[in-house]
Protein chains: 2
Amino acid sequence: MNSTATPFSAACNAFLDLARAGCKARGAQLTPIRRDVLGLLHNAENGLKAYDLLARIKALRANATPPTVYRALDFLVEQGLVHKIERLNQFVVCRHGAHTFPGLFMVCRRCGKVSELHDPDLMGELARRAQAAGYQLDCQEVEIASICPDCLHASPAQGFEQMLTGGA
Amino acid sequence: MNSTATPFSAACNAFLDLARAGCKARGAQLTPIRRDVLGLLHNAENGLKAYDLLARIKALRANATPPTVYRALDFLVEQGLVHKIERLNQFVVCRHGAHTFPGLFMVCRRCGKVSELHDPDLMGELARRAQAAGYQLDCQEVEIASICPDCLHASPAQGFEQMLTGGA
DNA sequence: ATTGCAATGTTATATTATTGCGTTTGTGTG
DNA sequence: CACACAAACGCAATAATATAACATTGCAAT
Ligand SMILES: [Zn+2]
Ligand SMILES: [Zn+2]
Ligand SMILES: [Zn+2]
Ligand SMILES: [Zn+2]
């Protein structure tokens, strides 16, 4: 077997092994600490804050401190394995494998849930328009505040955004 | 004359009076504290952090505390007069007047400068695609990490984003 | 063995933001 | 005017998020 003895499910270990291979291919190493942090994020359904993660990692490594988790997170974000949602100070695992265009992170204003959508066409258009204005994109995440389908179904408030979708 | 005795330039006071009128029209009031905070942001070229702002507002109001400035900022952001740049914890005045679609905030990874671009077509397309996925946009700011024209000119590093603009 | 380097351990502190509660201020009502 | 009500503000404390600084470890190349 290929996995280490971390307390994760088989599916999670498979994901972690794949991530490790990706890191290796990029000349980086997914150390045990980093692997544990990534595993915890993979297990979490909805993303975690740094100090939540710290509390959980302390169950595995009693001597963990803030730098322990922030360093691991910095690494994982650099490697594109994890995304940081700035407006929530929250970290979510990327479930799309490596991608070369920014993910579209729909952040629900009501319930806080985050979904990573991918739209290469739209992101390509964004990159072109940015470039036309003299900017070069260097972006892995685009956060979009919105109302998620569930919350919308619960109470479909009328926002100013309707104007944008009405045509014209 | 219409302006209060705040220590701002004539141009700034004109801006503030306009903002006050806008608030009034929306049933809100631009109180003296809020006016001062907005004026300070208007004077600042590059956006300010809350505690920088606090230091400046203390020059005008010695008893100001964090809630003083955070409350004013919450109000100004709600009114669409100020934008919060989440990844920098920074606040920038909106120099585009009221807008009904999200501004595109180009945040330079190298120098930290922020530019508010407007692209109604692109934002409309974003809103349509979000809606097609079941989401309703409720978004005033879209932050885009990028390299600004100045920094790009200084050293035009090759990023993965090139792939996006090359066609295909 | 020595040096160099990446990762980690450890302590402390910096930065950003909010809570709670009491007071003031403005506004309308009887 | 007396009263009630709500919005804004003053103030003290503290919560939540993130980084600095420096020591230590482990491994690999010389
Ligand atoms: Zn992703
Ligand atoms: Zn929701
Ligand atoms: Zn704006
Ligand atoms: Zn720049």
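Student: Let's start with A:Val142. Which residues does A:Val142 touch, leaving out those up to four places away in sequence?

Tutor: This is a predicted model, and in it A:Val142 touches A:Pro102, A:Gly103, A:Leu104, A:Phe105, A:Met123 and A:Leu126, plus B:Val142 and B:Ile144 from chain B. Contact here means heavy atoms within 4.5 Å.

Student: What makes a set of residues a nonpolar core?

Tutor: The residues must be buried, come from a list that includes Val, Leu and Ile, and be joined through side-chain atoms within 4.5 Å. The largest such core here has 38 residues, and A:Val142, A:Ile144 and B:Ile144 have the most contacts inside it. β4, α5, β7 and α6 of chain A and β4, α5, β7 and α6 of chain B each supply at least two of its residues. A second, separate core has 28 residues, among them B:Leu16 and B:Leu38.

Student: On to the metals. What makes the site of the zinc ion (ligand 3) tetrahedral?

Tutor: Its donors are B:His83 (NE2), B:Cys94 (SG), B:His99 (NE2) and B:Glu116 (OE), at 2.0 to 2.2 Å. Four donors count as tetrahedral if all angles lie between 85 and 135 degrees. The angles here are 101 to 122°, so the arrangement is tetrahedral.

Student: Why is B:Cys108 called buried, and B:Cys111 partly exposed?

Tutor: Buried means under 20% relative accessible area, and exposed means over 50%. B:Cys108 has 3%, so it counts as buried. B:Cys111 has 36%, which lies in between, so it is partly exposed.

Student: How do you know that B:Cys94 and B:His99 are buried?

Tutor: B:Cys94 is at 5% and B:His99 is at 13%, so both pass the under 20% test.

Student: One more: why do we say that β4(A) and β7(A) pair?

Tutor: Pairing needs at least two bridges. Six bridges join β4(A) to β7(A), and the two strands run parallel. For example, A:Val107 has A:Ala145 in β7(A) as its bridge partner. Both strands belong to an open sheet with the order β5(A)-β4(A)-β7(A)-β6(B).

Key. Residues are numbered from 1 along each chain as its sequence is written. Chains are lettered from A and ligands numbered from 1 in the order in which they are written. This is a predicted model: local features need pLDDT of at least 70, side-chain atom pairs count only at pLDDT 80 or more; totals for chains, interfaces and linings use all residues. Side-chain values use heavy atoms; hydrogens and water are left out. Buried means under 20% relative accessible area, exposed over 50%, partly exposed in between (1.4 Å probe, protein chains only). Helices (H or I, at least four residues) and strands (E, at least two) are DSSP runs, numbered from the N terminus. Donors are N, O and S atoms within 2.8 Å of the metal (3.2 Å for Na, K and Ca); water is not among the atoms, so sites may look incomplete. Four donors count as tetrahedral if all angles lie between 85 and 135 degrees; four count as square planar and six as octahedral if opposite donors are over 155 degrees apart and all others between 65 and 115; anything else is irregular.
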